[in-house]
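Please read them alongside the coordinates.

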Protein chains: 2
Amino acid sequence: MADNDTSKLSAALEDYLEAILNLSAERGVARSRGIADTLGVARSSVTRALRSLADRGLVNYEPYGIVTLTDDGLRIAETVARRHEIIQSFFVNVLGVEKDIAQKGACEAAHALGPAIIDRLMGFIEFVNDSHKNGDDLVGRFRQFCKNRPAAKDKTPSKATRRKATKTLAHAKPGQKVRLTSINAGQKLRSRLAALGLVPNVEITVVSTGRPGPFMINVKGSKIALGKPMVDKIIVE
Amino acid sequence: MADNDTSKLSAALEDYLEAILNLSAERGVARSRGIADTLGVARSSVTRALRSLADRGLVNYEPYGIVTLTDDGLRIAETVARRHEIIQSFFVNVLGVEKDIAQKGACEAAHALGPAIIDRLMGFIEFVNDSHKNGDDLVGRFRQFCKNRPAAKDKTPSKATRRKATKTLAHAKPGQKVRLTSINAGQKLRSRLAALGLVPNVEITVVSTGRPGPFMINVKGSKIALGKPMVDKIIVE
DNA sequence: TTGAAAAGTTAGCCGAGACTAACTATATTA
DNA sequence: TAATATAGTTAGTCTCGGCTAACTTTTCAA
C-alpha cells in the first residue's frame, strides 16, 4: 500500500518498472545489476530509483534483496510493456521499419501516448490483420506503394509544413532582393544604420553573403559591408 | 556561426524552436512573452532557454530584443514542426483520434521518432490517401471495423503481452494454492519462517489476504498468520 | 514628457535523474 | 573458512528545466 501516490509516474520510473517486469519473466528474478544493464545506467541510479518506487508502493525492495513488483507496480509495468509492444508492432509489421530503430522509437513513444491513441493503434493493427485474412494484403500494397514513391527526406519540409518565419538578412542569398522591415536594435545603432540608408521599407540587394569576406549589400546604388552581428539584426521580407 | 554544437538538442529546446517558428509565422515576430504563453512556462525560463539556443547558434537573441531563427535553427524548427504535423495527421486522419488528444500525444512523440519512422509514417498517410483516390476507403473501412470490435481497455494486458513476473504471496488470491519458491530475506528470518514449515517447495493454501485482518495461509494443515512485510518477502509460483 | 503598466531579466531555489568514487555486504571458491 | 570477486549502497556532484521574487528596461498613454 504505502503511499499510493496519485501523481503520474515519470518516464524514467516507468522504464524501471518495465525492466523489472521483463527481467522477472526472463531470468525468474530481478536484481539491481540486471536492471542497470538493461537500462544502461549506473548501479547507484538503480538503487535510488528502487527506493523511489518502493516509497510509492510499486515494488517490494529492501537493501541487498531481490526486487518484486507489487500489484500496483505490476499493473503499471504491464500497461507500459503493452504500449511498447503495440507501438513497436505497428512500426515493424505495418510500417516495415527496421526492428532496432522501431525498438528505440517505440520505447520513448510508449510514455507519450495515452490510452485513447494506444487503443486506436491496436485496433488498426487488428484491422490490418483482419483485412489480410479477407484477402486484402494492405501491408503488401503499402510496400509496393513505397517502392514507386520517391523517398522524402526528413529534413525537407513539405509545402504543407512550410511557414514564413521572420527572416533576417542572414537568411538571404546572393543576388536576392529584400525589403527592410525593421531593425532589432537600440536607438543608437538604428540611427547609425539609418545614416547608411538602412531604414524601414528600403530595398536591399544582396551582393555576397560573406564566408569568406564581409556581407555585402547594395542600397540605392551604394555598396555597404556589414558584419555578422549587424546582419542578424536586420529583419527583412 | 557560434558553437555549432554537434550534440542533440533536448526535447524542451526543440519545443522552444518550434514555438518561435509558429509565433514568427502567426504574429510576424516572436517575443519572449509569447513563447512563455505558448509553452506554458515562466518568462524567466524562456530567457534562459533563449540564451542556451543563442549559444548553440540556433537563434539570434539579445536581451530585450525580438527573437529570430538562424538558418540552423530554422532547419531544426521546421523538422520538428513537420514531424509534429505528420504524427498528428496520422492520429486524426487515419486513426480518428480526437484532435486535442492527438495534439498532446503528437507533441511528445515528435521528439521520440527518428527520420526512418517519420518517413514511413508519411508514406503511409500518402498511401491511405492514394487508396482513397483509387476507390478504396481504408479509413472508412477501419472506422467500420472499430464499431464491430469490443473496445479494449488500455489497462488490460493482452495475452500476447502477458508475462509471468516474479510473484510474491501478496499477489495470491484467497483459496489459491501456490508453491513457495524462496524467501527474500536474511538468514535469521528464513530460519524463523522455516520453523513454521515455510521452506522452499512447500505447498501453501491462501485462506484470506487480509485487508482487514491478517494474511492467513494454510501450510500442511496448520494455519499461519503473516504480516504484510512477510507476505512481500515470500516468493511463490 | 513623465510615470505607470507590461515585458524582460537576474538571482536563487528546487527536484529529477544521471554520474563517479569509495565503501559495505554477499557469494564463491580454493 | 578465509580470501577475493561481485553486487549493492552511500555520498557527493552535475546538468537540465522548471519555479518565484525582485529588479530593470521598454512601451504607451495621459
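1. A salt bridge here is a side-chain nitrogen of Lys or Arg within 4 Å of a carboxyl oxygen of Asp or Glu. In this predicted model, R141(A) and D136(B) form one through their side chains, with an N to O distance of 2.8 Å. The count between chain A and chain B is four salt bridges.

2. On the side of chain A that touches chain B, at least two residues each come from α1 (11–27), β2 (68–69), α4 (71–95), α5 (99–112), α6 (115–133), α7 (138–147), β3 (167–168) and α9 (228–233). The most, 14 residues, come from α6(A). By class, this side of chain A has 35 nonpolar, 19 polar and 25 charged residues.

3. As for extent, 79 residues of chain A are in contact with 79 residues of chain B. About 7,000 Å² is buried between the two chains, and carbon and sulfur atoms give 58% of that area. Polar contacts between chain A and chain B number 21 residue pairs, both at pLDDT 80 or more.

4. DNA strand C is surrounded by 20 residues, the closest being S10(A), A42(A), R33(B), R51(B) and Y61(B).

5. Which part of DNA strand C does the side chain of S44(A) approach? A base oxygen lies 2.7 Å from an N or O atom of that side chain. Phosphate oxygens of DNA strand C are 3.2 Å from a side-chain N or O atom of Y16(A) and 3.3 Å from a polar side-chain atom of R31(B).

6. The surface near DNA strand C takes its largest share, four residues, from α3(B). Its residues divide into eight nonpolar, seven polar and five charged.

Definitions and conventions. Residues numbered from 1 in each chain as written. Chains lettered and ligands numbered in written order. Predicted model: local features only at pLDDT ≥ 70, side-chain atom pairs only at ≥ 80, totals over all residues. Heavy atoms only, no water. Contact = heavy atoms within 4.5 Å. Buried area = accessible area lost by both parts, 1.4 Å probe. Polar contact = N/O pair within 3.5 Å; in protein donor to acceptor, adjacent residues only side chain to side chain. Nonpolar A, V, L, I, M, F, W, Y, C, P; charged D, E, K, R; others polar. Near = heavy atom within 4 Å.
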